Amino acid sequence: MKNFTQKIYQNRFFLLFILLFAYVQSIYIRVIVRKQINAYAFTPDAALASLIGSGVLFLILLFFIKKWNKSETFSFQVLLKIFGASLFVYLLATNTLGLLIAVLFDNIERNFNQQTFILSLFSNFLDGLIYGGFFLAYYYFLINKKQQKKIAMYNKAMTESKINQLKTQLNPHFLFNNLNVLDQLIEEDKEKASDFLNEFAEIYRYVLQSTDKELVRIEDEIDFAQQYFKLIQHKYNNAYRLQIEYKSIKGFIIPMTLQLLVENAVKHNLGTEENPVCIQIKIDENIAVSNNANLKRNSKTVSGRALKNLKEQYSLLSEKPIQIHQMENYFSVEVPIIHNQNV
């Protein structure tokens with residue numbers, strides 16, 4: 001009984017629609033068809049009777065749906081079979097009930113003469129078509145909504161899984177590159193190597209903390225990029241310079257985005273103190289990371305694996321893709337700002 005009450009409550013708006021439709025239908029028949037304009041024409045008794053009758057039809061439809069359509073998909077042939085069988089059983093049930101009532105009150109001749117029987121049968125048939133059609137449309141709407149929810153959950157799970165895979169690729173990439181720098185500094189300047197190691201340990205905490213996050217605040221990424229750039233200066237001094245400009249830093253970004261783009265500029269361009277590589281991060285409607293190009297001889301002109309990885313993450317989390325602008329003396333990457341943290 002409790003489960004039945006819950007079902008009624010869950011579908012209360014649909015049942016209310018059926019009741020209102022039946023009420024309008026009863027007024028139309030009484031006023032327009034029968035030309036009866038009085039208080040009785042507006043009473044809800046016929047509407048309530050139609051609601052009860054349609055409820056019986058709905059139960060019959062559910063019975064045949066569960067019997068012949070066990071999956072959440074359906075074919076047109078199965079739908080016709082369910083609808084046809086339900087209409088037949090509904091008409092048989094309503095007429096059998098009417099016959100029993102007529103026998104009980106000794107009204108067989110009045111209620112079951114040929115003309116009355118055909119008119120009643122036709123009326124019940126039309127009601128069955130109308131209310132049965134409403135029910136099937138509503139039922140398969142709910143099924144489709146449930147399927148769409150499952151698909152959305154599946155896609156979200158697949159997206160999260162893909163992002164986690166991409167992050168596990170970036171994390172070792174970050175570690176490997178900086179350990180190479182540390183190895184070179186140990187040979188060149190042990191004191192610098194010690195300072196580098198201490199600062200690297202600090203910022204690697206951020207890397208570990210952000211691994212489990214899809215998005216981080218832009219201001220956190222700016223702090224991280226600045227800390228990372230200090231590591232670069234341990235090795236290259238002022239051969240590479242970083243400038244950050246912003247009007248607003250509201251919004252979110254994929255973790256390690258700015259660090260990766262700064263690292264990309266250093267990796268592919270040769271900077272000297274006389275001819276430095278100037279890296280600029282400008283935040284406005286989007287985030288633009290640019291630098292003057294002075295490509296190293298062994299540098300690839302196309303974007304590397306890490307940048308492709310980053311582009312793929314943004315394609316999963318943002319409708320706007322990363323845009324890359326590459327010219328002879330200039331390289332720029334535009335990254336969209338994500339304003340909804342729950343994408």
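A charge is taken to sit over a ring if NZ of Lys or CZ of Arg is within 6 Å of the ring centre and within 35 degrees of the ring normal. In this structure the charged end of lysine 81 sits over the ring of tryptophan 68, 4.4 Å from its centre. The model is predicted, so that local features need pLDDT of at least 70 and side-chain atom pairs count only at pLDDT 80 or more, while totals for chains, interfaces and linings use all residues. Residues are numbered from 1 along each chain as its sequence is written, and side-chain values use heavy atoms, with hydrogens and water left out.

**Charges over rings**
- Besides the lysine 81 contact with tryptophan 68, the charged end of arginine 12 sits over the ring of tyrosine 9, at 4.0 Å from the ring centre.

**Aromatic pairs**
- Rings of Phe, Tyr and Trp (its six-membered ring) pair if their centres lie within 6.5 Å; planes under 30 degrees apart count as stacked, over 60 as edge-to-face and the rest as tilted.
- The count by this rule is 13 aromatic pairs.
- One of them joins phenylalanine 14 and phenylalanine 58, with ring centres 5.7 Å apart and planes at 40°, so this pair is tilted.
- This pair links distant parts of the chain, 44 residues apart: phenylalanine 14 belongs to helix α2 (residues 12-33) and phenylalanine 58 to helix α3 (residues 45-68). Helices (H or I, at least four residues) and strands (E, at least two) are DSSP runs, numbered from the N terminus.
- Phenylalanine 14 is buried at a relative accessible area of 10%, and phenylalanine 58 is buried at 7%; buried means under 20% relative accessible area, exposed over 50% and partly exposed in between (1.4 Å probe, protein chains only).
- Phenylalanine 14 also pairs with tyrosine 138: the ring centres are 4.2 Å apart and the planes are at 5°, so the pair is stacked.
- Because tyrosine 138 lies in helix α6 (residues 114-188) and phenylalanine 14 in helix α2, the pair ties together parts that are 124 residues apart in sequence.
- Ring pairs link Phe14, Phe58, Phe135, Tyr138, Tyr139 and Tyr140 into a cluster.

**Annotated segments**
- An unreviewed UniProt entry lists residues 12-33, 45-66, 78-105 and 117-141 under "transmembrane region"; UniProt positions are given in the numbering used here, feature names are shortened, and annotations may be inferred rather than shown by experiment.
- Residues 12-33 are 100% helix and 0% strand, with end C-alpha atoms 30 Å apart.
- Residues 45-66 are 100% helix and 0% strand, with end C-alpha atoms 32 Å apart.

**Aspartate 195**
- Aspartate 195 is placed in helix α7 (residues 190-210) and is partly exposed, at 37% relative accessibility.
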